[in-house]
Amino acid sequence: MADSETLVFRASITPKIYRAIEIADTSSLYVLAQAIVRSFDFDFDHAFGFYSKLKGSIYQSPLRYELFADLGEAEGNARSVKRTRVVDAFPSVGARMRFLFDYGDEWEFLVEFVKRKPR
């Protein structure tokens, strides 16, 4: 078995407002979402999702991971954020997705997988 790693992500609201986030390679997208939200000092109390389409309507993304899928309320082909590991959603360094937090206020972040580090 390979040694475990941590994964470093850059979550940005604008190019100049960002946070570097480091989490275990075994973590779920739910854990990554929680880390992003807390790093920007928001309460983790709204629904959210990760979307593969980087421009245009996120709802037309071919890959969608939404909390609604875990709650049994997903529309379309949304996948689970609790059962999907970050390494599966972000398969290689440089992979990017949009993260939408709070569907009412629509806080949108660009999340990029920056690097792997030994734990």
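Reader: Which residues are buried in H1?

Author: Buried means under 20% relative accessible area, with exposed over 50% and partly exposed in between (1.4 Å probe, protein chains only). In H1, the buried residues are Leu29, Leu32, Ala33, Ile36 and Val37. This is a predicted model, where local features need pLDDT of at least 70, side-chain atom pairs count only at pLDDT 80 or more, and totals for chains, interfaces and linings use all residues. Residues are numbered from 1 along each chain as its sequence is written, and side-chain values use heavy atoms, leaving out hydrogens and water.

Reader: Where do the buried residues of H1 fall, seen down its axis?

Author: An α-helix has 3.6 residues a turn, so residues three or four places apart point the same way. Here the buried residues of H1 fall within an arc of 130 degrees, so they line one face of the helix; the arc is that of the directions from the helix axis to the C-beta atoms. Helices (H or I, at least four residues) and strands (E, at least two) are DSSP runs, numbered from the N terminus.

Reader: In what order do the strands form the sheet?

Author: Strands of a sheet pair through backbone hydrogen bonds, either parallel or antiparallel. Two strands count as paired if DSSP finds at least two bridges between them. In this open sheet, 7 strands follow the order S2-S1-S7-S6-S3-S4-S5, with mixed pairing. Its edge strands, S2 (17-24) and S5 (79-80), each pair on one side only. S1 (residues 5-14) and S2 run antiparallel, joined by 8 bridges; Ser12, for instance, has Tyr18 in S2 as its bridge partner.
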